[in-house]
Amino acid sequence: MRFYRQLQPFKIISFDLDDTLYDNRSVIMEAEKQFLAALQRAANLAQLTLPYLSEIWREVKSAVAAAEPLLSEDVVRWRMVALERLLTQRAVSVDKIDTIISQVMADFVHWRHQIDVPSQSVEILNNLAQRYPLVAITNGNVEPHRIGLSQFSLCLRGGEHGRAKPHFDLFAQTMQHFQVRPHQILHIGDNLHTDVQGAIQAGCQAVWLNLNAEPIRRHAESRNLPTLELTDLQQLLFLA
């Protein structure tokens, strides 16, 4: 545990989800794999190998993000728009595109929620929820109740509910919802840019969850120091 700023009393604890409460990397890899396989089947793209389809998908998705940066903050809408563009480029019949998108997105969302949340994370949330209102503030599309997390009294997703982190929007909505001052929110996240910078610039307090114990100087892209740094989520219980 390392302090960079003086910790002030807080009333609300907010959490990032992906890679903070669970390891998201393997989940995303499998979801993308299943997504591409479902796309290949639904759009009758058997002539494209999965590696080649994956390359095409990355190019289309990147092009959409470059053309519409704000759209990419809504990861679901971004995926759907990119899907429509890819299907149009592959000359898929217009009257089939909406159905294909619906089918493939449903498949992706299913696999996206195949998350094994560590029991430690669940226990910590249960402990904290007895003393504080808990909030999920995420740039992803995970719905906490679908992965067995019922401890959050509010869940805000970037794009769907407002500008994604590090924009202040979701933090401001949290303040308004609970009628608290910015510094009375303690936000916990693994990312120095989206989580720490977003929270600090919104006037909140921020915990950097540095699970790999990396020196902060390696993260030159971060412009704001956290309130404190933890290397284990369990250390949160010493603050509450």
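I will begin with R77, which counts as partly exposed because its relative accessibility is 42%, where buried stands for under 20% relative accessible area, exposed for over 50%, and partly exposed for the range in between, with a 1.4 Å probe and protein chains only. What you see above is a predicted model, in which local features need pLDDT of at least 70 and side-chain atom pairs count only at pLDDT 80 or more, while totals for chains, interfaces and linings use all residues. Residues are numbered from 1 along each chain as its sequence is written, and side-chain values use heavy atoms, with hydrogens and water left out.

R77 belongs to helix α3, where helices (H or I, at least four residues) and strands (E, at least two) are DSSP runs numbered from the N terminus. If you follow R77 across to G159, you pass over 82 residues in sequence, yet the two C-alpha atoms are 8.3 Å apart in space.

Staying with α3, what are the angle and axis distance at which helix α1 and helix α3 pack? Helix α1, residues 25-42, and helix α3, residues 75-89, pack at an angle of about 35°, and their axes are 13 Å apart; here the axes are lines fitted to C-alpha atoms over the stretch in contact, and angles run from 0 to 180 degrees between N-to-C directions. On the α1 side the contact (heavy atoms within 4.5 Å) is made by E32, F35 and L39, and on the α3 side by R79, L83, L86 and L87. By class, this α1 and α3 contact consists of 5 nonpolar residues, no polar ones and 2 charged ones, with Ala, Val, Leu, Ile, Met, Phe, Trp, Tyr, Cys and Pro taken as nonpolar, Asp, Glu, Lys and Arg as charged, and the others, Gly among them, as polar.

A pocket, on a 1 Å grid over the protein atoms alone, is an open set of points where a 1.4 Å probe fits, with protein on both sides within 12 Å along at least five of seven lines, and lining residues have an atom within 4 Å of a point; points are joined across faces, edges and corners, and the volume is the space filled by probe spheres set on them. The second largest pocket is lined by 19 residues, of which I28, E32, K61, R79 and F108 are the closest to its centre. The elements giving two or more residues to this lining are α1, α2 (50-67), α3 and α4 (94-112). Its lining contains 8 nonpolar, 5 polar and 6 charged residues.

Which residues lie closest to the centre of the largest pocket? With a volume of about 460 Å³, the largest pocket has 23 lining residues, and D19, D190, L209, L211 and N212 are the closest to its centre. Helix α5, helix α7 (192-201) and strand β6 (205-209) each supply at least two residues of the lining, which divides into 8 nonpolar, 8 polar and 7 charged residues.

Helix α7 is largely enclosed by the rest of the structure, because 8 of its 10 residues are buried. The buried residues of α7 are L192, T194, D195, V196, Q197, G198, A199 and I200, and they pack against α6, β5 (185-189) and β6. In helix α5, residues 119-129, we find S119, which is exposed at 52% relative accessibility. S119 and Y22 are 97 residues apart along the chain, while their C-alpha atoms are separated by 9.8 Å.

I will finish with the loops. N44, in the loop between α1 and α2, has a positive phi near 55° although it is not a glycine, and N44 is exposed with a relative accessible area of 61%. A91, in the loop between α3 and α4, likewise has a positive phi, near 60°, and is exposed at 68%.

Is F10, in contrast, buried or exposed? F10 sits in the loop between β1 (2-3) and β2 (12-15), and F10 is buried, with a relative accessible area of 11%. Leaving aside neighbours within four places in sequence, F10 is in contact with Y132, H183, Q184, L186, Q205, L239 and A240. F10 and A91, 81 residues apart in sequence, are 55 Å apart from C-alpha to C-alpha. Lastly, the peptide bond from K165 to P166 is cis, with omega near 15°, and P166 lies in the loop between β4 (152-157) and α6 (169-178).
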